[in-house]
Amino acid sequence: MLHTAPAEPRPTDVLIAGAGPVGLALALDLGLRGIPTLVLDGDPIQATERRNRRANAINTRAMEYMRRLGVSPDIHRKAALARRAVRDVAFVTSLTGHELTRFVDAFESSPEPPPPGLSPEEYLRIDQDEIMAILRQHAAACASVRILERTRLSAFREETDGIHATTDTGLTLHARWLVGADGGASTVRRLSGIAFSGDGGRAQNLNITCRAAEVDAVNRHADAAIFWLVNPRADGFCGSDGQTFRLTLMDVTPDQEAAVRADPQPWIEAACGAPVSAEVLSIDGWTAHHLVASSYRRGRVFLAGDAAHLHPPTGGLGMNTGLGDASNLGWKLAAVAQGWGGEALLDSYSDERRPHGATVVAQANLQYDRRPAAFHKLGLEDAGPAADAVRAATAAEIRAAKMTEFFSRGLVLGQTYRSSVIVDAGEPVINRDIVTYVPTAQPGARLPHAMLGQVSVYDLLSPERCTLLAVGGAGRRAAAATAVAAAAAAVPLHLGEC
């Protein structure tokens, strides 16, 4: 339900600061479970500005979460409306220059074809704002979810009975728990006293957004999701969705930033490798960070998304990692709110998600440091056999250095949790590689996918209850006994028969 600011909102179980995709996904997860949830949407940024600096793809694991929440069909329909099927990443000297190498079907994939039926979902190119709109519609339809527009958290204190918060609109709110999904400059993180560790403000970067038609007309390469520019005159990457073209310049100095803002045309033409008359829509700056919160929990306060981990967009891991945070935290808060989960369950959120967040931050920064212009060599753009040899050697160097950025199935699907609530049999974790993923039923690992006739095993998972999969006659008999024990402990259990 969407609201402006009521005079005095009633108490709620979960107060979420931030109505980006992470906050909205968490609200929907809680709403499907009937948990009273209040979301504060204080984002003043207009959609045209947001487009310039937010995610434009959702990966397979995040889509598996969206499938459980019931929003996958809407995301697929929206993604199918635009020119988004191509997932290649090409390394070029310019849009009219030489193509050095191409990672075909990049992002979370693998150099080898995927095993049949690895997942019922797939990586999709779709703007974050479109995902937010879908999640917002579904969350607002939940009877237990309220979204307060034009309202931002300004202060809070934790008491024995819960969180007492105030907003910039003068509201006084009370909740059992507070979740900061309010971005990298999180008010919740700052007021909670949870510190970031790592290297903040590593580098400044610029996005130049233009009308696409002029640039698309000169591009001589086959379509790609992203073109990395091995070009010292335009160190960064670019891409077009057919409507807008975005050029990202990486690690710019203050003098360079001032020059670009004064006249971006030389950098646009360097990226294109030809004169163009591009209509610039906006120039937007962003900062590369290497930061992870020291904990994702302090008392009744939790952090998720960019409030908990900040890193460059290399690898397309940001929003997707935040959606994983929401999926992990949602059922745990619901379990305690419903009375069948204990306090250790809430502790496990930070224990499970923070190590993965730290891995993601390190990986994104590793690849940020491998900027495309660093691969440039004299003679790269010349003609003749000697230049051909330089380009071949450069292509091999790029493929070796950037493999883990564009082929990261192990990182995306292979995360395996260890915490106070995960039973560890003492065997080593199977999935530790960035590239390679091995389906496994190890405790704490992703549920391996299987098709049961025409039905995905993921479609047997309940959006509001724990699911126990019963395989065969013996499995069904054991599941029946487990269901009796679950009922006695008031654990909401759904039996999925395979």
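Eight strands, in the order 6-5-13-14-15-12-16-19, form an open sheet with mixed pairing. Strands (E, at least two residues) and helices (H or I, at least four) are DSSP runs numbered from the N terminus, and two strands pair if DSSP finds at least two bridges between them. Strand 6 (99-103) and strand 19 (309-310) stand at the edges with a single partner strand each, so one side of each has no neighbour in the sheet. The model is predicted, with local features requiring pLDDT of at least 70 and side-chain atom pairs pLDDT 80 or more, while totals for chains, interfaces and linings use all residues. Residues are numbered from 1 along each chain as its sequence is written, and side-chain values use heavy atoms, without hydrogens and water.

Strand 14 (residues 236-240) and strand 15 (residues 244-249) run antiparallel and are joined by five bridges; Ser240 has Phe245 of strand 15 as its bridge partner.

Helix 9 (residues 265-272) lies across strand 12 (196-211), strand 13 (226-229), strand 15 and strand 16 (280-293), at about 100 degrees to strand 15. Helix 11 (residues 343-369) lies across strands 12, 16 and 19, at about 130 degrees to strand 16. Contact means heavy atoms within 4.5 Å; axes are lines fitted to C-alpha atoms, for helices over the stretch in contact, and angles run from 0 to 180 degrees between N-to-C directions.

The buried residues (under 20% relative accessible area, 1.4 Å probe, protein chains only) of helix 12 include Ala387, Arg391, Ile398 and Phe406. Strand 5 (89-92), strand 6, strand 13 and helix 11 are among the elements covering the buried residues of helix 12.

Definitions and conventions: Buried means under 20% relative accessible area, exposed over 50%, partly exposed in between (1.4 Å probe, protein chains only).
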